[in-house]
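Please read it alongside the sequence and the coordinates.

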Amino acid sequence: MNQPMAIDELVSVAQAEAMGELDAPMMAIVLANEQSYDLPINSLETDADKARWGLILRAAREHVEADAVAVLYPAWTTIRQKTKEAADDDGAEALAEASADNLDASSKDSAEDETNEPIDTLFVQLHTRDHVYWRGFEQIRDPKHQRIIGFRRIKALSTDYRRDEEPSIASWLSTLFEPLPEHGEASDVDLELADLLEEPEVSAALYPRQLRALH
């Protein structure tokens, strides 16, 4: 997989999914060698939500033997441009300002034009065995209907990390590529992973993108 090309393609997919909507969708795409698989995410608001979806995505990745997983989600952020701190390693923690809550588009008003006001952002992450590719975009909306009509890239929130250097806000996905247990061994977590694959929202999603409409 050409990873720089893959993140650009994922950005195109994420933006196309969001165009014309009141809010960008929250979803994951499991990228296997020949197919991709969509998993709509219902919430990443709490640590429990993130822990559960971290397990689901690990289970799905292992199930189809994928080498990459993408996560697409909307968020609030007050970050618009790179500061000196954001250029340092510790500056990656600035991403923590953008939580993955579902956004209420109706609450937007003209105050968002102020530099200290939060803006609606679309995040696209590509997780591979060695790297995390992260892109952030401001959502541009039709002032009358508040639907998404375009995107503006936020350079301060567009960074590539080595997997062992990813910011703590992405720690809920740190187990994506953990090795499978030895033959005959299974921990409580691995048993939970197997159970998650049987959940309707996961099993229905583990169809190739072009076959989802037939399921």
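## Overall organisation

The model is predicted. Its chain has 215 residues, of which 46% count as buried. The secondary structure consists of 5 helices and 7 strands, and along the sequence these elements follow the order α-β-β-α-β-α-β-β-β-β-α-α.

Among contacts between residues at least 6 apart in sequence, 69% join residues at least 24 apart. The accessible surface of the chain comes to about 11,600 Å², and carbon and sulfur atoms contribute 47% of that area.

## Nonpolar cores

The largest nonpolar core contains 32 residues, and Leu39, Leu57 and Trp134 have the most contacts inside it. Two or more residues of this core come from each of the following elements: strand 1 (27-31), strand 2 (36-40), helix 2 (47-64), strand 3 (68-77), strand 4 (119-128) and strand 5 (131-141). Helix 2 supplies the largest share, with 5 residues.

## Helix 2

Helix 2 comprises 18 residues and extends 26 Å from its first C-alpha to its last, close to the 26 Å expected at 1.5 Å a residue. Its buried residues are Lys50, Trp53, Gly54, Leu55, Ile56, Leu57, Arg58, Ala59, Ala60, Arg61, Glu62 and Val64. After helix 2 comes Glu65, which has a positive phi near 55 degrees.

## Buried charged residues

Is Arg61 buried or exposed? Arg61 has a relative accessibility of 5%, which is under the 20% limit, and therefore counts as buried. Arg61 belongs to helix 2. Beyond its neighbours within four places in sequence, Arg61 is in contact with Val30, Ala66, Val69, Arg129, Leu176, Phe177 and Glu178. The C-alpha atoms of Arg61 and Ile29 are separated by 9.6 Å, although these residues are 32 residues apart along the chain.

Asp120 is located in strand 4. At 1% relative accessibility, Asp120 also counts as buried. With which side chain does the side chain of Asp120 make a polar contact? The partner is the side chain of Arg141, at 3.0 Å.

## Aromatic pairs

The chain has 3 aromatic pairs. In one of them, the rings of Tyr73 and Phe123 have centres 5.5 Å apart and planes at 35 degrees; the angle lies between the limits of 30 and 60 degrees, so the pair is tilted. Because Tyr73 lies in strand 3 and Phe123 in strand 4, this pair ties together parts that are 50 residues apart in sequence. Tyr73 is buried, with a relative accessible area of 4%, and Phe123 is buried at 0% relative accessibility.

Trp134 and Tyr161 form an edge-to-face pair, with 6.2 Å from centre to centre and 75 degrees between the planes. Trp134 lies in strand 5 and Tyr161 in strand 7 (residues 159-162), so their pairing ties together parts that are 27 residues apart in sequence. Both Trp134 and Tyr161 are buried. Ring pairs link Tyr73, Phe123, Trp134 and Tyr161 into a cluster. Trp134 is also one of the residues with the most contacts inside the largest nonpolar core.

Technical notes. Residues are numbered from 1 along each chain as its sequence is written. This is a predicted model: local features need pLDDT of at least 70, side-chain atom pairs count only at pLDDT 80 or more; totals for chains, interfaces and linings use all residues. Side-chain values use heavy atoms; hydrogens and water are left out. A nonpolar core is a set of buried Ala, Val, Leu, Ile, Met, Phe, Trp, Tyr and Cys residues joined through side-chain atoms within 4.5 Å. Buried means under 20% relative accessible area, exposed over 50%, partly exposed in between (1.4 Å probe, protein chains only). Helices (H or I, at least four residues) and strands (E, at least two) are DSSP runs, numbered from the N terminus. Contact means heavy atoms within 4.5 Å. Accessible areas come from the Shrake-Rupley method with a 1.4 Å probe; for residues, only the protein chains shown count as cover. The expected span of a helix is 1.5 Å times one less than its number of residues. A polar contact is a pair of N or O atoms within 3.5 Å; within protein, one must be able to donate a hydrogen and the other to accept it, and residues adjacent in sequence count only if both atoms are side-chain atoms. Rings of Phe, Tyr and Trp (its six-membered ring) pair if their centres lie within 6.5 Å; planes under 30 degrees apart count as stacked, over 60 as edge-to-face and the rest as tilted.
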